Amino acid sequence: MVRELPGRDADEFDWVRYEQAGVFTTAQAIGLIGRAALRRHLSQGRWRSICRGVLLSENGRLAQAQQLWVAVLVAGPGARLAGHTAAAEGGVRALVAEPIEVVVPAVRRCSDRLPKLPADMPGVRVHRTCVLPASHCQVGQPPRTTIARSVVDAASWASGEREAQLMILSACQQRRVDPAELRAVLELLPTARRRRLIKATIADVEGGATALSEVDFLALCRRHHLPAPDTQVHRTDADGRRRFLDAYWKAAHLHVEIDGSHHMSVRQWSDDQVRQNRIWLRGDRILRFPAWLVRTDPAAVAAQLREALDITAPQ
């Protein structure tokens, strides 16, 4: 929804209406146009009451920008978009869409219980935080947390570990945030949920991991006491094209490729095998594992790696 910029003769009401996508608190509306005018707009159907304390200066369905403003205003003073919602507003394309995530200062005394919202309004989840420095706050409409803080919070609040890791990988792969920025935020959140997992995932991204399958593989190596491989090593194939290897142990002349497509046809597998084999140097070896095997039977994968690396299993 594109809103028209107020003209030169616009008053404070016009500007607040523009900045907040037409959404007001009742107190704001009374302060700007007066109680009598507000009652008139509502009684004549020009304005709409969204819920207790929040109004829309229109009478149609809520657009996305208006939904975000409703979430912030209904959560009360000091509220700002956070988690996956704020990350999406910052340009991170993620899988999660609802509910709208909002963070409020923990020192606030009022209740977190929200009024009943209409059918065209997504759910709103309010989180409290004791740590929200100015460096974690992004200037925007509506106000939100920075992308780095939003991604760390989204990983902490995610429904599962895979979703948490995917949020971190997506944000870094899309170049919306740097791993160092995520690490700096995490250092200020010593009690964050899944802190160890988030820290390990950030380290994997810094090491070159770009997909969940690669993160799983690095975790497998750590868990089974295997030496850490180099990741995303590039080689030039016979056609002069630059190829990236998922994992490489230089001293052992061993490459590992994690195949993410477990529904691949025989012809696709054959063509891919030929393409991959053209980049190997003479004397190097290759092991290929499907991503589902790395995830479901890591012991079998570790056993083959240990044999290839000529490493004795720990007692």
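I started with Ala-21, which sits in the loop between helix H1 (12-19) and strand E1 (23-25). I noted first that the model is a predicted one. I read a phi near 55° for Ala-21, a positive value in a residue other than glycine. I kept in mind that most residues other than glycine have a negative phi.

Is Ala-21 buried or exposed? I found a relative accessible area of 4% for Ala-21, so it is buried, the cut-off being under 20%.

Next I looked up Arg-175, in the loop between helix H7 (161-173) and helix H8 (179-187). Arg-175 is not a glycine, yet its phi is positive, about 60°. I found Arg-175 at 76% relative accessibility, so it counts as exposed, the cut-off being over 50%.

Then I turned to a peptide bond. Gln-141 and Pro-142 are joined by a cis peptide bond, with omega about 0°. I placed Pro-142 in the loop between strand E7 (137-138) and strand E8 (144-145). I wrote beside this that most peptide bonds are trans.

How do H8 and helix H9 (residues 195-206) pack? I read an angle of about 160° between them, with their axes 10 Å apart. H8 is therefore roughly antiparallel to H9, because the angle is over 145 degrees. I listed the residues making the contact, among them Leu-182 and Leu-186 of H8 and Ile-198 and Ile-202 of H9. By class, the contact of H8 with H9 has eight nonpolar, no polar and five charged residues. I also noted that H8 passes H9 in a left-handed crossing.

Terms used: Residues numbered from 1 in each chain as written. Predicted model: local features only at pLDDT ≥ 70, side-chain atom pairs only at ≥ 80, totals over all residues. Heavy atoms only, no water. Helix = DSSP H or I, 4+ residues; strand = E, 2+ residues; numbered from the N terminus. Buried < 20%, exposed > 50% of the residue type's maximum accessible area, 1.4 Å probe, protein only. Axes fitted to C-alpha atoms, helices over the stretch in contact; angles between N-to-C directions. Parallel < 35°, antiparallel > 145°, perpendicular 65-115°, else oblique. Left-handed = near helix turned anticlockwise from the far one by under 90°. Contact = heavy atoms within 4.5 Å. Nonpolar A, V, L, I, M, F, W, Y, C, P; charged D, E, K, R; others polar.
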